[in-house]
Amino acid sequence: MLCSRRPSVHSVSVRAFSVRAFLLTGFLTGFLTGCGGTHTSLPKSGPGTPFDQIGTRQRYLHDTDKWNYTFHAVLTTDDREEIVTGEVQQLLDAATINGQTYRQLAQIFHLTGPSGTSLSGNATYFRQDLNTRVITNYGVNESGTIRLFDQPQTSLLKTGEVGENGSRTTVFSDGSTLEETVTVVGNELITVPAGRFMTFKTTGTQRHSSRTTEYVNWYSRQLGSFVRSEDRTTLANGQKVHRIMELSSTNVVPED
């Protein structure tokens, strides 16, 4: 998502999200850190590599692709805990911003907690090279504000090989910073409600002036998205949230 060249950003307010909504929806770590190009060390697998086998190439994302996830979060404030559950729909669309057309990966959160039900979302604006499959990010919708970067940004991971790591720091126009690190810790076959998937597992951190997030993602190239994501965020005021998302269904057909 973010480039170490410290780009300035253009911000366009589109909707006011509460801090609580941001804590629950966050941003797309699974998509942004897990979308490198071709894996260089593994043998090429054939067309339609099953989801339970390792893939060697990032999926080309189609506008009809959809992914659905279960959602569970625990918000902790002082000694009080609030449990929020629900579903997340992830889908592709097009978006035109400042006269430029991008592909949009949106997450729509349908959540239920002690305060009732809520509907919120976030998005990433990107383009993908048809041949290399590399994804370039141009901005995000975070907390209801669209931020477009002056310098396009590719994934921190390029190959997904075990031991690969990356880091960078971005300074925003408002003076806030975001420091990111990510490491590939291994390949792992996991089972979620949607089935069995061979993934590459990553761990990482995101440190913003107002929050710190530590996360673990299980990403599938054939799926073109994460299979499972778990993160823990702590705000500067001490409020904490622990989120888990797991793939429950998808219309994506394996391709490699």
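## A charged pair to start with

Arg228 and Glu230 form a salt bridge, with their closest N and O atoms 3.2 Å apart. Keep in mind that this is a predicted model. Both partners sit on the buried side of the cut-off, which is under 20% relative accessible area: Arg228 comes in at 17%, and Glu230 at 19%.

Arg232 counts as partly exposed, with 47% relative accessibility, whereas Glu230 counts as buried.

Now for another pair: Arg168 forms a salt bridge with Glu180, and here the closest N and O atoms are 3.4 Å apart. Arg168 belongs to strand S8 (residues 165-171) and Glu180 to strand S9 (residues 177-192), so this contact ties together parts that are 12 residues apart in sequence.

Are Arg168 and Glu180 buried or exposed? Both of them are buried.

## The wider count

How many salt bridges does a search of the whole structure find? The answer is 8, including the Arg168 and Glu180 pair and the Arg228 and Glu230 pair.

Terms used: Residues are numbered from 1 along each chain as its sequence is written. This is a predicted model: local features need pLDDT of at least 70, side-chain atom pairs count only at pLDDT 80 or more; totals for chains, interfaces and linings use all residues. Side-chain values use heavy atoms; hydrogens and water are left out. A salt bridge is a side-chain nitrogen of Lys or Arg within 4 Å of a carboxyl oxygen of Asp or Glu. Helices (H or I, at least four residues) and strands (E, at least two) are DSSP runs, numbered from the N terminus. Buried means under 20% relative accessible area, exposed over 50%, partly exposed in between (1.4 Å probe, protein chains only).
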